Amino acid sequence: MKLKFKKQAYQTDAVEAVVDCFSGQPTGNGIRYRIDPGRSEDAGGQTRSDLSVEGFKNADIALPTSQILDNVHAVQRRQNMPLSASLVSTKVSPINLDVEMETGTGKTYCYIKTMFEMNKRYGWSKFIVVVPSIAIREGVHKSFEITAEHFLEEYGKRARFFIYNSRQLHNLESFSSDSGINVMIINVQAFNATGKDARRIYEELDDFQSRKPIDVIKSNRPILILDEPQKMEGAKTLDSLALFNPLMVLRYSATHKTEHNKVYRLDAVDAYNQKLVKKIAVRGITVKGLSGTNAYLYLESIQVSASKPPIARVEMEVRQSSGIKRVRRNIGRNENLFDVSEGLDQYRGFVVSEIDAMKNVISFTNGVEVEAGEAIGDVNEMALRRIQIREAIKAHFDKEQTLYPHGIKVLSLFFIDEVAKYRQYNNAGEVPGEYAAIFEEEYDAVLNEVLTIEDTPYNRYLKGIQARRTHDGYFSIDKKTSRLVDPEVGKKATETDDADAYDLILKNKERLLSFEEPVRFIFSHSALREGWDNPNVFVICALKHSDNTVSRRQEVGRGLRISVNQNGDRMDSPATVHQVNVLTVVASESYKDFVAALQKDIGDSLSARPRVADEAYFAGKVLKTAAGDIAVTPQMATQIYRYLLKNDYTDDDKRITQAYHDARKSEALAPLPADLAPHAEQVFRLVDSVFSDAQLPVIDDERKGQENPLNANFEKKEFKELWQSINHKAVYSVDFDTKELIAKCIATLDKELKVSPLQYNIVAGEQTDQATYDAVKQGEAFKVSENRTVTHRASVHSAVKYDLLGKLAEETTLTRNTIASILKGINIAVFSQYKTNPEDFIAKASRLINEQKATVIVEHLSYDRLGETFSTAIFTQEKKKEDFSKAFKAQRHVFDYVFTDSKNERSFVEELDTSAEVVVYAKLPRGFFIPTPVGDYNPDWAIAFEKGKVKHVYFVAETKGSLSSLELRDIEKRKMDCARKFFAKITSDQVKYDMVTSYGHLMSIVQ
């Protein structure tokens, strides 16, 4: 299979944040220079030099530092980041930009794209990626390989890339002489270690025409990109990096240790809230010692059904003919474990008094209570590891049953601390270690519970894979014996640098994603953690002692990437991304302890986040509205602060309270002052940028998940009639006149296009009367006497050339002819704004044209019914497990429990469920959708009323906290407009679709 890549807004933002810091830099094609040819001897022993070899190096930065700092400030302002006081210079380079991106969001992709964009806009073409380990080096090289076709399509060229090798120095010749994009990937050990190979980069080499490799490299004025720079901050490393003579240094990491000029931030909270990484769930395992008993008991889960009382699934000891063995049993209320164990004394008094499915607890008459995931009695380390392995296998199958029909392969990853526990060697050859043997026993046991008698594709898939073929070990390989061995790890390191192991992992990356590859469970050494970034890792289990060398955040980092299907497509649909992409961590500690440690790790990494919501923070920030950027004035900042204070949305320390986040989630925030109301969403986003613990990612306790069974309401005649009325599949078509679109765009641009003129600050100052040495050193020998902002409305004579037609055509996906017709038709005064600020003109014109295009498409949209329908199977195919403690116990819903997304939706359901007019209702599953030009649309509710009591017997509802069009995003409004056309065309007159804010609003429509 081939992984696919697509443009994503947050990655484009990260690229532009770096590239825009050099706005105004002249475009060039590199500076030609003569490469040092070195010296070599001819056949006669005479020294000769080839003086004809031409090279291309990066052009120097032509901008003054003040201009670069202004550009950096502009980039920081549009993201509401703190403004840098100055450009931070280091011994490596005077220009140092930091990009913060959470693990799993594609920082490698971003810096590769940044190279192409730098080359396109400024002509810079020589780049060096410096990495702290062989692991990352191999991963970066793989990323260049798999993105090559993607960037060829976008930029029409390829990058030439290679891994630096001191024995293959001919690559440096090509790096210098080639005028295209050239990238050298080098790990820090290649120039910073004490070994003979590492020293060669600084030595005159006979096999390199008596030249030093470092001299050839630095002649190109390369742009250095540091991947994980926090691991390369030693004094010796920094001294070595300076020898590369870089034009600038770009640093990419999720956890910067030393900050310079940060121009982009996408931290753990941003990534989770924007659904760019997997959601995390935990299966905790607790070992509890009880005094006075050695009865071994492990509560695996509590199972519920619509027709039977809850059943507890436990592991316990049972007397058998071959001896005492630990087996799993289903037990119910009033069962006596002494009898179940065939008379083992340690179970006397263990009679089940209650099985609580809501709390996930089983209680016995002797007072003992056991929670799901808890083991009591005689639990040694190997028993704990067996439980972990079993739980990981169960989690794997739970996910696989849901995701296999969608073409998504599930991978599970075990980290172990010793190869011998997985694979051993004796005189006969290779034999399984104890973990491998336990895995195969437990896999077969769980498989027998999962397999059904039906001849389904999934059953056939499982039957075609033997237990011994579905797991494999990725470890270091001894070159002499070809045996798996423990990797070599430095004294202070927790991760290995073994190239063979990473080669194996990375070369098999795409193959592992295919159903044709039987391996689904991977055992790897904990020191090889860094090389694992396969997107389809859904389960992680660490079969090792917990220690302080590895944080919980590092532990989950290998499984955060968004998964892909068999076609290589990312499973990132906003509607379902966190239903599909859930990473389960099987921990050797309780859920509570693991989550507390993980959230502490995440919280500690957010040190740069503002935490105080006061007037000083809000003033000067930017609200990005459809009409353009609006700066928050001191008066507006005061209004925001007072609004938060008045509604108890901040505490005495000016920190955001839980009350604000609860109201925000339930769409029940107090109204803003009239002056701020038109920009409500932007104001609330600004408030959201102030960090509080309530923003930390929600980590689910997977033990609390129960299957929500369908009930008798699903079989009611009224529901079947309702479903048959709305379950038709359809296609849409759009037929509109290009002239109409052109006319609408011209009218809109003439009316609404307002380009912001460029502004610049003039700061005047004078030297203080007496300048001391300390004052000069601290930059205080001058004092500012005047600071004013000047608006520049004249034409900008920039060295940057803009393809106006091409850029607008690219942003709107319209033809150049159509764009030309629009621009010809607009008022000359409106078009003349282009000269004052070309980039703002392009951005705003693109947005307005796209809005008109979407409006015209919806206006001319029509649906046609297909012969296919949605099956009722979509109600059960997700097989999602939910925490019943968060649910509403329903009477008229097709499932026993209803899960709501907001406080408003909960109130709606509570009234709907007790309504005398309602016969049955359902929250529509994600599998039911209406295709629209702006993405698939999934309505909220389908409701069947009692005939004769209402005028619309069947109702499809979308619940929103407000009907105000200002509070609905354009894309939501357009989807709902399309849904109205769909239901009007496809369904009968009995079906009504509309958006409602409450049960009362619903009844006012149907009665």
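**Exercise 1. Describe how helix H12 packs on helix H13 in this predicted model.**

Step 1: geometry. H12 spans residues 381-403 and H13 spans residues 434-450. Their axes lie 9 Å apart, at an angle of about 40 degrees. Axes are lines fitted to C-alpha atoms over the stretch in contact, with angles from 0 to 180 degrees between N-to-C directions. Helices are DSSP runs (H or I, at least four residues), numbered from the N terminus.

Step 2: class. The angle makes H12 oblique to H13, since under 35 degrees counts as roughly parallel, over 145 as roughly antiparallel, 65 to 115 as roughly perpendicular and the rest as oblique.

Step 3: contact (heavy atoms within 4.5 Å). H12 contributes residues including Ile389, Ile393 and Phe397. Among those from H13 are Ile438, Tyr443 and Leu447. By class, the contact has eleven nonpolar, one polar and seven charged residues.

Numbering starts from 1 along each chain. Local features need pLDDT of at least 70, side-chain atom pairs count only at pLDDT 80 or more, and totals for chains, interfaces and linings use all residues.

**Exercise 2. Characterise the largest cavity.**

Step 1: volume. The largest cavity holds about 100 Å³ of space. A cavity is a set of points on a 1 Å grid where a 1.4 Å probe fits but cannot get out; lining residues have an atom within 4 Å of a point. Volume is the space filled by probe spheres set on the points.

Step 2: lining. Tyr272, Arg553 and Ile602 are among the lining residues. Helices H10 (268-273), H17 (552-557) and H19 (591-604) each give two or more residues.

Step 3: The lining has nine nonpolar, no polar and three charged residues.

Notes: Side-chain values use heavy atoms; hydrogens and water are left out. On a 1 Å grid over the protein atoms alone, a cavity is a set of points where a 1.4 Å probe fits but cannot get out, and a pocket is an open set with protein on both sides within 12 Å along at least five of seven lines; lining residues have an atom within 4 Å of a point. Ala, Val, Leu, Ile, Met, Phe, Trp, Tyr, Cys and Pro count as nonpolar, Asp, Glu, Lys and Arg as charged, and the others, Gly among them, as polar.
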